[in-house]
Amino acid sequence: MTPTPRKFRSALLLLLPLALAQTPEEAAAHEANAQKQLADMLTDSLAMLRHGSAASVESAAEGIAALAVETTVSQPFHPITFRNAALKAGVVDELTRLLVDAHDGKASTRAMHFSLLALEAIATDDPSTDLDNGHALAVCKAGAVAPVVTLLRHDDEMVQVAAAGCAAILAECPQCQAALLQQGAAEPLVALGTYGNDAAKMRAVAALDLLALNNPAAQKRIELAGGLRLLGGIAKYGDEGLRPIASELLGGLSGGGGAKAVAVDAKAHASQAHQARVKHSRLWEQRVGIRRAYAPGAPPHPDDDELS
């Protein structure tokens with residue numbers, strides 16, 4: 001039977017008492033049990049991604065995304081433990097393959113949507129620190145950048161929004177940032193922000209913000225794509241919470257990028273990127289009401305059993 005997000009959550013809740021272990025022996029026992037449970041869940045999901053029906057593939061991708069978020073919120077598994085396990089098991093490779101298949105018409109819109117959400121969640125660093133855990137780079141190395149950029153132009157707006165959310169997370173990593181720029185992410189992101197609904201605008205601005213961070217070439221590319229006009233319009237007439245964010249980004253671009261072109265080391269860049277992520281994720285939660293893995297300290301939503 002295909003693992004569902006509700007079943008994933010039920011299994012995680014069973015592990016919560018173990019997560020409170022205090023002694024080294026209890027902690028070791030908890031980690032061993034968590035690793036076994038995690039391996040079983042991922043193995044089942046991987047089988048569904050590879051060999052399941054269309055509905056099973058959709059459910060497996062949805063479950064992986066839910067598990068990635070849940071491990072960050074309730075932490076019966078440490079966020080890094082889960083993400084490392086997902087990479088080791090080959091889940092990221094399968095999700096990326098599914099996006100490529102989707103581009104070729106071999107996967108459903110829902111499968112694309114949930115695969116993008118899953119990759120976004122897996123690529124997200126542990127929100128309790130400002131460290132770059134390397135998961136975004138691993139997702140990029142799996143080949144996710146090209147299909148993510150392609151899906152920014154998909155006919156379904158739900159897929160476009162999910163692709164922009166994934167692009168924003170990947171852009172936290174300088175190597176992924178460069179790859180996104182090389183694949184031409186700036187232009188469809190500006191178009192999505194210009195013509196999309198409010199959710200699309202929020203995700204597009206978040207991705208543009210991270211794409212431009214400490215990257216003069218990206219800033220110039222965004223300008224040429226019409227980014228100044230987009231951000232100016234949002235700053236004046238957009239969502240109340242998005243206006244100051246658009247205004248700040250607009251200032252960095254129209255001012256020649258001086259505010260964001262300062263050379264920083266990798267640690268400082270990661271810290272700035274994480275701060276930007278939290279800023280955008282909090283606005284997203286306020287407006288959309290979907291719990292994510294990127295806003296530490298956010299109160300849980302008791303009825304949030306599935307990702308939307």
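In which helix does Ala85 lie? Ala85 is in helix 4, residues 79-89; the views below start from the whole chain and then return to this residue.

The model is a predicted one, in which local features need pLDDT of at least 70, side-chain atom pairs count only at pLDDT 80 or more, and totals for chains, interfaces and linings use all residues. Residues are numbered from 1 along each chain as its sequence is written, and side-chain values use heavy atoms, with hydrogens and water left out.

**Figure 1. Overview of the chain.** The secondary structure comes to 16 helices and zero strands. Helices (H or I, at least four residues) and strands (E, at least two) are DSSP runs, numbered from the N terminus. Of the 308 residues, 53% are buried; buried means under 20% relative accessible area, exposed over 50%, and partly exposed in between (1.4 Å probe, protein chains only). Contact means heavy atoms within 4.5 Å. Among contacts between residues at least 6 apart in sequence, 71% join residues at least 24 apart.

Figure 2. Ala85 counts as buried because its relative accessibility is 19%. Leaving aside neighbours within four places in sequence, Ala85 is in contact with Leu38 and Leu42. The C-alpha atoms of Ala85 and Ala39 are separated by 7.4 Å, although these residues are 46 apart along the chain. The buried residues of helix 4 are Pro79, Thr81, Phe82, Arg83, Ala85 and Ala86. Gly90 follows helix 4 and has a positive phi, near 90°.

**Figure 3. Crossing of helix 11 and helix 12.** Two packed helices are described by the angle between their axes and the distance between the axes. The axes of helix 11 (residues 186-195) and helix 12 (residues 198-212) come within 8 Å and cross at roughly 145°. Axes are lines fitted to C-alpha atoms, for helices over the stretch in contact, and angles run from 0 to 180 degrees between N-to-C directions. The crossing is left-handed, that is, the near helix is turned anticlockwise from the far one by less than a right angle. Helix 11 contributes Ala186, Leu189, Val190, Leu192, Gly193, Thr194 and Tyr195 to the contact, and helix 12 contributes Ala200, Lys201, Ala204, Ala207, Leu208 and Leu211. These residues divide into ten nonpolar, two polar and one charged. Ala, Val, Leu, Ile, Met, Phe, Trp, Tyr, Cys and Pro count as nonpolar, Asp, Glu, Lys and Arg as charged, and the others, Gly among them, as polar.

**Figure 4. Helix 12 and its ends.** Helix 12 has 15 residues and reaches 21 Å from its first C-alpha to its last, close to the 21 Å expected at 1.5 Å a residue; the expected span is 1.5 Å times one less than the number of residues. Because 13 of its 15 residues are buried, helix 12 is largely enclosed by the rest of the structure. At the start of helix 12, a side-chain oxygen of Asn197 reaches to within 3.2 Å of the backbone nitrogen of Ala199. Asn214, in the loop between helix 12 and helix 13, has a positive phi of about 55° although it is not a glycine. Asn214 counts as buried, at 17% relative accessibility.

**Figure 5. Helix 14 and its packing.** The buried residues of helix 14 (residues 227-237) are Gly227, Leu230, Leu231, Gly232 and Ile234. They pack against helix 11, helix 12, helix 13 (216-224) and helix 15 (243-254).

**Figure 6. Lys267 in helix 16.** Lys267 lies in helix 16 (residues 266-288) and, at 64% relative accessibility, counts as exposed. The C-alpha atoms of Lys267 and Leu131, 136 residues apart along the chain, are separated by 7.0 Å.

Definitions and conventions: Polar contact = N/O pair within 3.5 Å; in protein donor to acceptor, adjacent residues only side chain to side chain.
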